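User: I would like to go through this structure with you, one region at a time. Could you begin with the terms you will rely on?

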Amino acid sequence: MSGDSRSQSANEIMDRDLADIIDEVLESSDIAAALSALQWSPIIVDRLRGALLADADFRRRAAAHYEKVRDQATTLDEHDDRKPVPSEADYAELLTGSNLARLCGLATVIIAVAIFTPKLVLPDNGFMRLMAMTLLGVALYYLPLTQIALQRILPITLWRRLRWGRRRWLLHLGFAYYRWDWKAKVRDEIVLPEVTEKINHGAPPVFSHKLSIHTPEWARAFGTRSFLIPTASVANLARALSHTRFGAIALAGRRGVGKTTLLEALHDKELPLVDQRNNLTVMVSAPARYELREFILHLHTVVCRTVLDFTGHGLPVTGTRDRWQVHLRRAERNARWRSVAWHLNRAAAQLVLGAAFGALLWYHDLSTLGRSYIRDVARIATLDLPYGKPDTWSTLRPYLALGVITLVLFLAMLHILAIVRHPVVLYFKDATMRRRVRRRLLDSSPRRPGRPNPLPESVQRIARRAIRELQRRLALPPHAGESPEEPQGTIHRVQLDLTVRALASLAAEQLRQIRFLQTHTSGWSGKIDAPKGLGLTATRSIAHAEQPLTQPEVVDQLRTFLGHAVTTLKRAGHIRGITIAIDELDKFADPAQAHEFVNEIKTVFGVEHCVFLVSVSDDALASFERRGIPVRDALDSAFSSMIAIDPFTLDETRRWLDRRVIGMPTPFASLCYCLSAGIPRELERTANIIDDFYIENERSNLSSDGRGGMVFHFRHLRLAEVTERLVAEDVAAKLHAFSYAAQEHPPSSSASNLVLTLHTIGELTHPTTADLAARLDRLANGLRLRSEDHDGNTPELDKLRYEAAGYCYLSATIVWIFGDSLTEELLEYLCSGSRSLVDRIAEARRALAIEPLLTWAMTAEIRNDHSAWLTRHKPPH
């Protein structure tokens with residue numbers, strides 16, 4: 001099968017699976033209930049299904065997770081292409097000579113053992129014996145010794161054809177597993193949010209003061225990336241990535257706008273509008289306190305490991321295993337021993353319990369207990385009751401003893417099988433254990449030189465072949481120094497050519513070099529003997545010890561390796577480029593330190609087809625936008641472009657909520673936008689709190705009817721109540737934070753006065769909703785007036801006081817606007833225009849981090865505009 005045919009076949013399977021997933025989601029209980037409430041006809045549901053399948057970005061994000069399934073399908077197709085075809089000569093070779101007789105003899109032995117062993121051991125029960133014969137026959141066929149005998153008997157083509165069939169069956173199992181895993185991931189993280197959004201877009205907007213929402217059960221089970229939406233910032237990032245071949249791109253924005261989420265989604269190829277399927281993406285986090293050399297070495301290590309994983313050589317390099325893996329292996333070993341001890345104790349206790357019951361109830365002689373039990377079970381299996389009809393206690397007691405002994409024997413056998421399972425699973429799961437067993441059983445022990453292996457050479461040879469056969473049959477990697485007889489293909493590794501193999505070897509070598517210093521010793525020795533015991537001996541040796549690389553050498557080594565990696569993998573057709581994401585740079589406590597870090601790390605930038613993405617803070621964006629002015633800094637010269645990650649707009653906030661909940665009324669969506677200021681992190685918190693309020697209210701509506709039943713009282717949460725509860729809880733938490741910040745200042749009357757004001761005026765440190773807007777106004781005015789009256793305030797205390805005053809003033813405005821007086825016409829006015837009132841509320845909330853007095857001025861303007869609209873639309877008396 002050609003490569004195009006394979007790709008077309010995999011795409012057809014993906015399309016079919018994607019359609020099945022959409023149908024499964026539409027038929028789920030949560031979505032079906034929402035569709036039923038909206039009274040959507042099957043025709044509308046079919047249109048929804050067609051719209052999803054026709055969405056190119058939706059299909060691209062689903063296809064990004066399909067790579068493992070596609071690789072497995074390609075491996076399966078390639079395996080089908082290598083199908084051995086026996087010729088007539090092969091069959092003739094099998095039918096001639098002693099091969100046929102040996103094959104028949106082997107089959108006879110397997111059949112005889114499978115048939116007669118259950119007859120000798122098991123009671124005369126036809127179904128039980130038939131099941132035992134089938135299982136025993138299959139087990140005998142798959143024994144390594146049987147496979148070795150078949151390999152010697154069958155012609156080479158027939159033997160390869162037999163192995164090819166078994167390998168194909170295993171590949172089919174792997175394909176089914178990866179396909180199931182892909183379907184679960186796409187259903188939960190892509191299809192469900194998309195379907196929820198389409199349902200909300202298809203339903204008309206609802207204006208209501210009553211909170212009536214439907215949050216699917218899966219909405220809280222997944223992170224923020226499940227609700228990613230294509231914003232203007234994402235579109236700018238996609239455009240910058242498509243036009244940049246090398247250099248660095250900065251992602252700038254305040255904390256909480258989602259820079260880390262965007263980088264993680266880009267790394268996992270889940271970012272909307274950004275096609276990274278053919279790029280190798282590496283993600284690292286910048287340390288808050290750093291040494292550039294150590295960070296470059298860490299980045300080099302992550303790049304090497306990513307290349308090794310991509311090329312299929314992801315096993316830990318010798319000596320570089322993560323300590324987590326060591327402790328995890330140790331914990332698993334201890335857990336296995338505890339499990340074995342537990343099962344062993346239970347099995348022994350049950351055997352003793354069975355013998356005791358048998359002796360007490362019927363079999364008084366323990367020496368004949370086993371023979372008597374087998375004899376009685378065999379007679380019962382033939383419907384020959386050994387003790388007559390169990391109609392009295394004397395005849396019922398032996399049958400009761402038989403039942404008890406059979407039950408405890410069955411339970412004990414289950415525990416014994418669980419004990420046997422541990423070493424078998426460990427052997428096939430752990431390559432280190434396989435090498436250890438092979439070394440200790442089949443080879444001379446390297447820890448005891450000169451000690452011969454106690455097993456005969458013939459037994460060792462047969463055991464080696466058996467282990468190799470087990471590895472091939474279970475698709476296990478060969479031992480070091482061994483090579484498979486034919487290409488096996490792995491589940492998700494690329495087909496390596498010589499240059500990619502060389503790249504993997506270089507990555508492993510540099511990974512070792514980063515972790516360890518190496519010492520190389522070379523030398524010679526000689527000896528000349530003379531008569532009468534005289535002689536001359538000369539020896540010379542030279543030791544070369546590697547020195548730690550300097551910082552310029554570390555940078556040059558990383559750049560060189562990146563160049564080799566991107567050139568090799570790009571020429572091999574595996575990738576189009578490498579993207580390296582450096583996160584957490586905005587977490588530096590000192591902006592000057594962040595600038596210094598960028599100024600030093602920019603020496604790594606500039607590798608062809610290697611793009612760096614760096615998350616920076618807002619001040620970095622301001623510095624970059626001043627480019628062209630004589631004042632230049634590190635950011636201007638380090639980045640080729642800078643993408644501003646802006647907070648959500650009102651429409652983007654609604655779209656984010658539409659992917660999470662079904663049927664949220666428009667006033668509540670606008671409230672979420674104002675309280676979160678469009679910051680995705682705050683928006684998620686606000687949505688979770690509203691969802692908690694709704695669930696809590698539903699539970700409180702249930703009450704007992706006094707007769708053991710439950711009665712549901714229809715009481716909806718109203719907009720004013722939700723607003724006051726949200727604001728009251730947030731204000732209480734913020735006032736405690738303001739008090740703590742004031743206490744951190746040197747003791748003074750101004751600091752004490754600020755703490756006293758925060759805790760006394762309005763009594764807002766406890767979240768109560770009674771007359772909330774008026775109390776917030778009193779506190780805001782009190783904070784501002786006292787700040788103007790005290791001449792001894794420090795600038796830091798003044799800013800803190802104005803920040804608290806502006807926050808309370810803005811919170812009172814939100815409570816005032818989103819109250820019972822909010823009408824549909826007023827909400828339309830609040831949300832209309834290029835700079836609507838809700839946008840200005842969000843800007844005022846974000847301005848608290850810049851200049852609190854700006855928040856106060858913007859809030860006063862918002863109040864004036866709102867009051868003017870109310871005056872204009874005041875109904876006549």
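Analyst: Two residues are in contact when they have heavy atoms within 4.5 Å of each other. This is a predicted model, in which local features need pLDDT of at least 70 and side-chain atom pairs count only at pLDDT 80 or more, while totals for chains, interfaces and linings use all residues. Residues are numbered from 1 along each chain as its sequence is written, and side-chain values use heavy atoms, with hydrogens and water left out.

User: Good. What does T813 touch, neighbours up to four places away in sequence not counted?

Analyst: T813 touches T859, I862 and R863. T813 itself is found in helix α30, residues 795-817. Helices here are DSSP runs of H or I with at least four residues, strands are runs of E with at least two, and both are numbered from the N terminus.

User: Is T813 buried or exposed?

Analyst: T813 counts as buried because its relative accessibility is 0%. Buried means under 20% relative accessible area, exposed means over 50%, and partly exposed is in between, with a 1.4 Å probe and protein chains only.

User: And which backbone oxygen lies 2.9 Å from a polar atom of its side chain?

Analyst: That oxygen belongs to Y809.

User: Let me step back to the whole chain. What does its secondary structure come to?

Analyst: There are 33 helices and nine strands. The chain has 877 residues, and 42% of them count as buried. Among contacts with a separation of 6 or more, 75% are between residues 24 or more positions apart.

User: Where is V257, and what does it touch?

Analyst: V257 is found in the loop between β1 and α12. With residues up to four places away left out, V257 touches I645, P647, I679 and P680. V257 and I679 are 422 residues apart along the chain, with 5.2 Å between their C-alpha atoms. V257 counts as buried because its relative accessibility is 6%.

User: What about α12 itself: which of its residues are buried?

Analyst: In helix α12, residues 259-267, the buried residues are K259, T261, L262, L263, A265 and L266. They pack against α11 (232-243), β1 (247-252), β2 (279-285), β5 (577-583) and β6 (610-616). Just after α12, K269 takes a positive phi of about 60 degrees.

User: Changing topic: how much space lies in the second largest pocket?

Analyst: The second largest pocket holds about 1200 Å³ of space. Of the 39 residues that line this pocket, the closest to its centre are R254, I679, E682, R845 and A849. A pocket, found on a 1 Å grid over the protein atoms alone, is an open set of points where a 1.4 Å probe fits, with protein on both sides within 12 Å along at least five of seven lines; lining residues have an atom within 4 Å of a point. Points are joined across faces, edges and corners, and the volume is the space filled by probe spheres set on them.

User: Which element gives the most to that lining?

Analyst: α27 does, with seven residues. By class, the lining of this pocket has 21 nonpolar, four polar and 14 charged residues. Here Ala, Val, Leu, Ile, Met, Phe, Trp, Tyr, Cys and Pro count as nonpolar, Asp, Glu, Lys and Arg as charged, and the others, Gly among them, as polar.

How values were computed. Polar contact = N/O pair within 3.5 Å; in protein donor to acceptor, adjacent residues only side chain to side chain.
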